[in-house]
Amino acid sequence: MKTRTNLLLVLLICGFIFSACSPRAKYERMLKHEMASGVRYDSLFLGLYFGMPEKDFYEHCWRLNQKGLIKQGESNTTAELELKDELTHNAVMDFYPRFNLGKISEMPVSFKYKGWAPWNKTLSSDILQKEVLKWYKKIYGDGFIEIKHHLHGTAYVKISGNRRITIFKENDLRVWAIFTDLTVKKGWNDSPSLPQNNQIDTTKSVKN
């Protein structure tokens with residue numbers, strides 16, 4: 001009887017240890033720590049930021065377009081940046097934000113290799129996801145943790161203050177990185193369902 005009790009105690013202890021080391025537990029600790037810090041990280045990329053008014057976003061993209069830095073993306077519903085040196089192979093990055101009360105609260109970003117083909121395994125999303133992760137570590141710092149996303153399988157997440165970055169694969173072609181302001185949108189299961197197409201040309205001025 002004593003032996004059985006000891007065995008149950010060991011199993012319970014092991015269960016607690018395993019639970020504390022699980023991806024969800026790591027995520028929850030990261031979330032709690034960063035949100036309690038009170039620090040804001042609003043910077044995204046290309047001069048875009050959380051809280052940027054919608055009108056300012058369109059005007060900023062128009063200026064970037066005039067400088068030749070971005071162009072119209074897929075179906076003219078996103079802005080597109082060509083990546084020539086950031087990754088091992090040439091790729092394109094498309095983005096368009098979600099707005100809350102007229103200000104940027106989330107920024108879905110998609111990546112794909114320009115030379116992708118179903119038979120070319122060196123340009124698969126498996127490789128692309130790892131390359132985006134490596135590149136983002138250089139820009140936004142280390143500290144990404146691997147999780148099993150409820151919709152998209154293996155994903156990588158980093159939280160810095162209010163800013164969460166989630167990197168995951170959609171399919172063999174496309175990888176997504178979702179920037180979320182956690183002071184606007186919170187929770188373990190709220191990150192990316194895939195963004196819907198948007199019908200506004202982000203490279204045209206909205207001054208008129």
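Does tyrosine 58 count as buried or exposed? In this predicted model, tyrosine 58 has a relative accessibility of 4%, under the 20% limit, and therefore counts as buried. Phenylalanine 57 is likewise buried, with a relative accessible area of 0%. The ring centres of phenylalanine 57 and tyrosine 58 are 5.3 Å apart and the planes stand at 65 degrees, so this pair is edge-to-face.

Let me turn to the core. The largest nonpolar core comprises 37 residues, and Phe95 and Tyr136 have the most contacts inside it. Helix α4 (125–140) supplies the largest share, six residues. Another core, of twelve residues, lies apart from it and includes Ile145 and Trp176.

Next, the helix itself. The 16 residues of α4 should span 22 Å at 1.5 Å a residue, and its end C-alpha atoms are 21 Å apart, which agrees. Its buried residues, among them Leu128, Trp135 and Tyr136, pack against β2, β3, β5, β7, β8 and β9. Beyond its neighbours within four places in sequence, tyrosine 136 is in contact with Val109, Phe111, Gly141, Phe144, Ile165, Ile167, Ala177 and Phe179. Glycine 141, which follows α4, has a positive phi, near 95 degrees.

Finally, the aromatic pairs: the whole structure contains 13. In one of them, the rings of phenylalanine 45 and phenylalanine 95 have centres 5.1 Å apart and planes at 80 degrees, so they are edge-to-face. This pair joins the loop between α2 and α3 to strand β3, across 50 residues.

Note on methods. Residues are numbered from 1 along each chain as its sequence is written. This is a predicted model: local features need pLDDT of at least 70, side-chain atom pairs count only at pLDDT 80 or more; totals for chains, interfaces and linings use all residues. Side-chain values use heavy atoms; hydrogens and water are left out. A nonpolar core is a set of buried Ala, Val, Leu, Ile, Met, Phe, Trp, Tyr and Cys residues joined through side-chain atoms within 4.5 Å. Buried means under 20% relative accessible area, exposed over 50%, partly exposed in between (1.4 Å probe, protein chains only). Helices (H or I, at least four residues) and strands (E, at least two) are DSSP runs, numbered from the N terminus. Contact means heavy atoms within 4.5 Å. The expected span of a helix is 1.5 Å times one less than its number of residues. Rings of Phe, Tyr and Trp (its six-membered ring) pair if their centres lie within 6.5 Å; planes under 30 degrees apart count as stacked, over 60 as edge-to-face and the rest as tilted.
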